[in-house]
2 protein chains.
Amino acid sequence: MDKRKVDIAIIGAGTAGLTAYNSARKHTDSLVLIEGNTYGTTCARVGCMPSKLLIAAAESAHNAARSRMFGIQVGDIVVNGDQVLERVRRERDGFVGSVLTSMEVIPAAHKLVGCARFLAPGRLAVGDNMEVNADRIVIATGSSPTIPDMFEGLGERLLVSDSLFELPSLPASVAVFGCGVVGLELGQALSRLGVRVRMFGQNGYLGGIADKQIRDYAEQSFIEEFYLDIRSQVTHLSPVESGVSISFTDRDKGPVTETFDYVLVATGRSPNLAGLHLHNSGLTLDDSGIPVIDPSTLQCGNSPVFLVGDANRQVPFLHEAAHEGRIAGDNAGRYPQVVSVARQVPFSVVFSSPQIAAVGVQVGRMSAAEGKDYVAGTSSFEDQGRSKVIGKNRGLLKVYAERDSGLFVGAEMFGPAAEHIGHLLAWAAQQRMTVAAMLAMPFYHPVIEEGVRSALKDLHNKLKSTDASVDECLECGPGG
Amino acid sequence: MDKRKVDIAIIGAGTAGLTAYNSARKHTDSLVLIEGNTYGTTCARVGCMPSKLLIAAAESAHNAARSRMFGIQVGDIVVNGDQVLERVRRERDGFVGSVLTSMEVIPAAHKLVGCARFLAPGRLAVGDNMEVNADRIVIATGSSPTIPDMFEGLGERLLVSDSLFELPSLPASVAVFGCGVVGLELGQALSRLGVRVRMFGQNGYLGGIADKQIRDYAEQSFIEEFYLDIRSQVTHLSPVESGVSISFTDRDKGPVTETFDYVLVATGRSPNLAGLHLHNSGLTLDDSGIPVIDPSTLQCGNSPVFLVGDANRQVPFLHEAAHEGRIAGDNAGRYPQVVSVARQVPFSVVFSSPQIAAVGVQVGRMSAAEGKDYVAGTSSFEDQGRSKVIGKNRGLLKVYAERDSGLFVGAEMFGPAAEHIGHLLAWAAQQRMTVAAMLAMPFYHPVIEEGVRSALKDLHNKLKSTDASVDECLECGPGG
């Protein structure tokens, strides 16, 4: 075996690994970035980008179909499945290409190709012929879709988010399992592209929505568009000649058996840790075999090992993976003087339609006892001016504040432009603004943000806050 | 003449007048809101709302036509002009109705219908039979479209933004004069709805864009879609049997004469002050006959008269009118102890496509000497990830900071979702955030906001700021 000694080894060249590399390199030139699989991030290859591309096509078809409400008559709308997926792949390849291009600045001496596994603490085997001894190690191996046992034996009829985009054309029918971010985004997009879709969820989970009222609202909204059962009962599932036969209790009709071209499994992702032989790493593992980390340093116990990105199962979002990579890469460089970094306010978006956004503290997930220190303000988008103008007046927003301080702490939204509203609210929470301070900010007109102001006013009124007076206007215009 | 004595008289029941009323009423019950025209705000009746409704129809037609890029084939797109305008008016009427409903809480004793004019300081005639003596007066009479002399004699062939929406159907051709907000929004919308549009501007003015590079970019973008000449030369204009004949120098072909169904004049708006007989008011007037005011109090000199909203020709945006109304109503209540209120950061949006947004200090409008204390960061949306995904990768953003402090002071943008990006940036400027602080905020992925981060990073690099370190990432994902 060839041997190599480095200050820092980073396992995985995805988003978290790349940012870790970049941070670590400021401390040392003795480092190596190890990739055992394809270069290019989960985001660009199989995650964010291809899914958003599919959604863009779905929105286009959906909006064309509803142009009649504006007085625009549109002839037959034909979804060309080949072309839809061809664009998805073409643009996706462009994004992957830009990631690969950005990696060209990494010196060849810093790159190592091969699967890494622990031989002992600080000792890694990479592929068959290389041993790397590293003072410090950053694990950034990402995650992969989980396939529950019930889907075994489906062969090519089984799709995950990775393989869906490789189909030559859109199938006629897909049964989607899982009502999380991925299932909801892809299931709705497929439905809007003319695919017969049934979505099977569990335990009432829907896109991570915490607040019951918003979840019920969203469920109703989706159900009007496609079949969705967030408490599904599937009794049998097996491959047949023409696809996959599924027996389940239809929400309306009771027990039925239907055949689908494909099953899309979106029931979750698991960290890619199995091949790492963590039992040789000397790290303390939790019950699931995952190293125990400090989220503010990404350090595994007191060891010189750091675990970041999807691999640590904390928050599987790109911006968090990038943030974690930066923290861990820097701490790997500083070790043993690691630094705790305040994590950003939690912020997530589901690119369904309407979109779902969550920011900060989720009072909807709290018990009554926990929630009593918080106050909620609400607004509906059904009568919101701008939302009505563009025919997207559907949705609900809740904003939360600490009862005593009037501090804005979080929000949850199902509604128009939630990705943008989410940023406004995430920045406000990150800056620890009070509700009164937010109400003093500029709101243009007529904009969807005026619906945010309505929720904040409701919250302010309920707070009976004494921290600042807020002008109330009779009616600032038909916006709120 | 009937006589009436009140503490406060408010002339005009539009947006500014209504918010002034609401603020003033907290100080006294002896007040009257005088309206000489139709109830309902400029915004709801003839401004923001109907124009955004027309734009929504135009976007729908435009997006249907470009669905092919996503693999969606759409049959013939037929714009039903009757139905388009019918929806505009129906929804518009709903917004006007909501304004009228909100006015129902005003006691009848506080409402007075009739045109007001000054008889003397503190003395108003309202209509023919009423004299109102008021200790304090708020003037909120709004504005009306200006019609330059050259358009006289066009009769029904002359449209302004008010009358356009009353047409029974969309015309076949319209010559639009004025490339400001109104001209640009309506001209582009008409063009997208299949109307033959030529837009004639003056002096290179385009939607208020200050920065030359952004203005050039926007001009080029619009020109690819419809005829636009921001330095037009119109030599003759006269009504003919079939419409209006216009002789002008075509940007490409030289001198031509064309006939249009209508001329839409959008060359500006003037304060509705002529009927007020301000010469009797005792107020100090400027050269244009407009009372001189202090923008932080809205007070006219040291008098007990306040001038707000479009009538004062300061910033003709609804949110500013509402803010001014609140300040002036409160100050009318407090008079003579008036309070100076800090005005919000300037913020404007043009709902063209792409949209235009401006926030805070406009370095593009400064001389080189004035501009030397500021630094600009730039990003293009042509390669921006999310913008590419949705096929809207067009536009340019500039962000500005003080050179010494690193304080973010303003931005100008032509690009996707500028109305939302504008809010994020307006709130940041209002809170006096530094560029480094903004870069530490959460940015989701993949979102258009990542293009903002690119501009901020560029700005941060140019500032060589020492105020805070900002993590640079190799490539956080294909977003920026």
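**A strand pair, then a buried aspartate**

Modeller: This is a predicted model. In chain B, strand β14 (residues 234-240) pairs with strand β15 (residues 243-250) in the antiparallel sense, over 6 bridges. A hairpin of 2 residues joins β14(B) to β15(B). Within this pairing, B:His236 has B:Ser247 in β15(B) as its bridge partner.

A:Asp211 sits in the loop between β12 (196-200) and α7 (212-223) of chain A. Is A:Asp211 buried or exposed? Its relative accessibility is 9%, and buried means under 20%, so A:Asp211 counts as buried. Leaving aside residues up to four places away in sequence, A:Asp211 touches A:Gly364, A:Lys398, A:Tyr400 and A:Glu412.

One of these, A:Lys398, deserves a separate word. The side chains of A:Asp211 and A:Lys398 make a polar contact at 3.1 Å. The pair also forms a salt bridge, with the closest N and O atoms 3.1 Å apart.

A:Asp93 forms a salt bridge with A:Arg92, the closest N and O atoms being 2.9 Å apart. Here A:Arg92 counts as buried at 9% relative accessibility, whereas A:Asp93 is partly exposed at 45%. In chain B, B:Asp458 forms a salt bridge with B:Lys462, with 3.0 Å between the closest N and O atoms. B:Asp458 and B:Lys462 are 4 residues apart in helix α13 (residues 449-463) of chain B, so about one helical turn separates them. Both residues count as partly exposed, B:Asp458 at 21% and B:Lys462 at 43%. Salt bridges with shared partners also join A:Arg196, A:Arg198, A:Asp250 and A:Glu258 into one network. Over all chains, a search finds 47 salt bridges.

Between chain A and chain B the count is 2 salt bridges. A:Arg386 forms a salt bridge with B:Glu419, the closest N and O atoms being 2.5 Å apart. Helix α3 (residues 48-65) of chain A gives the largest share of the side of chain A that touches chain B, 9 residues. The two chains bury about 7,800 Å² between them, 66% of it on carbon and sulfur atoms.

Conventions:
Residues are numbered from 1 along each chain as its sequence is written. Chains are lettered from A and ligands numbered from 1 in the order in which they are written. This is a predicted model: local features need pLDDT of at least 70, side-chain atom pairs count only at pLDDT 80 or more; totals for chains, interfaces and linings use all residues. Side-chain values use heavy atoms; hydrogens and water are left out. Buried means under 20% relative accessible area, exposed over 50%, partly exposed in between (1.4 Å probe, protein chains only). A polar contact is a pair of N or O atoms within 3.5 Å; within protein, one must be able to donate a hydrogen and the other to accept it, and residues adjacent in sequence count only if both atoms are side-chain atoms. Contact means heavy atoms within 4.5 Å. Two strands pair if DSSP finds at least two bridges between them. Buried area is the accessible area (1.4 Å probe) that two parts lose on being put together, summed over both. A salt bridge is a side-chain nitrogen of Lys or Arg within 4 Å of a carboxyl oxygen of Asp or Glu.
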